[in-house]
Amino acid sequence: MVVMTRYYNIPGNFTQQEKETFTGLIDDFRVLSADFNPEHNIAYRKKFVFTDAQIISFYELAVGDLNSGLPKTNFTALAFGMSQDRSLLVLSSVIFSLISEGILHTRNNVSYNDNGLSINLFNKGAELQGWAGFLLNTYLQRKADFKRSIILQKVNAGFSGVASEYFWNGVY
């Protein structure tokens, strides 16, 4: 019996637990972006579309976006990777990958027409843009919900009141 194990290329100095978190994030990214089986990537010569290092870069871009806006946060990809909001980070990183691929395909787009014979190479920019836009709408709503939840988790949550003799403290 032959057992094949996938090896991950995770650059940087990380603990074993942090590397395991990144491998899980990489696997989640590959599942959502349909890049989990290189045999299905016919246009990419049956190879993965993105390297592990590129995926980690997309996660860094995603964390930067998630930390922007109000309230300002200072999460890392690893902190998100170990939290319940992991799927939001994965969604954001896939959007960044679609934007990257869309720019590449737009730059490399070649159209040729000769006596009725039309050839279009690397003409996937519009499709990638459509997917990025579709996922972006979902992401922006989920990001807004996430930011609201951060506000509600803070001490006092921005609420204040006026003290009176009728407040509840366990007895009347």
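**Close-up 1. Helix α4 (residues 86-108) packs with helix α5 (residues 125-153) at an angle of about 155°, their axes 9 Å apart.** What you're looking at is a predicted model. Angles over 145 degrees count as roughly antiparallel, so that's how α4 and α5 run relative to each other. Their crossing is left-handed.

**Close-up 2. Here's the contact between α4 and α5, residue by residue.** On the α4 side, look for S87, L88, L91, S92, V94, I95, L98, I99, E101, G102, H105 and T106. Facing them from α5 are G125, L128, W131, A132, L135, L136, T138, Y139, R142, K143 and F146. Sort the contact by class and you get 13 nonpolar, 7 polar and 3 charged residues.

**Close-up 3. The largest pocket comes in at about 430 Å³.** Its lining takes 18 residues, and S33, A34, V49, L98 and L128 sit nearest the centre. Two of those names, L98 of α4 and L128 of α5, also turn up in the helix contact. Both α4 and α5 put at least two residues into this lining, with α4 giving the most, at 5 residues. The lining of the largest pocket splits into 10 nonpolar, 4 polar and 4 charged residues.

**Close-up 4. The second largest pocket has a volume of about 180 Å³.** Lining this one are A43, Y44, E101, L104, H105, N108, F122, N123 and K124. By class, the lining of the second largest pocket holds 4 nonpolar, 3 polar and 2 charged residues.

Note on methods
Residues are numbered from 1 along each chain as its sequence is written. This is a predicted model: local features need pLDDT of at least 70, side-chain atom pairs count only at pLDDT 80 or more; totals for chains, interfaces and linings use all residues. Side-chain values use heavy atoms; hydrogens and water are left out. Axes are lines fitted to C-alpha atoms, for helices over the stretch in contact, and angles run from 0 to 180 degrees between N-to-C directions. Helices (H or I, at least four residues) and strands (E, at least two) are DSSP runs, numbered from the N terminus. Angles under 35 degrees count as roughly parallel, over 145 as roughly antiparallel, 65 to 115 as roughly perpendicular and the rest as oblique. A crossing is left-handed if the near helix is turned anticlockwise from the far one by less than a right angle, and right-handed if clockwise. Contact means heavy atoms within 4.5 Å. Ala, Val, Leu, Ile, Met, Phe, Trp, Tyr, Cys and Pro count as nonpolar, Asp, Glu, Lys and Arg as charged, and the others, Gly among them, as polar. On a 1 Å grid over the protein atoms alone, a cavity is a set of points where a 1.4 Å probe fits but cannot get out, and a pocket is an open set with protein on both sides within 12 Å along at least five of seven lines; lining residues have an atom within 4 Å of a point. Grid points are joined across faces, edges and corners, and a volume is the space filled by probe spheres set on the points.
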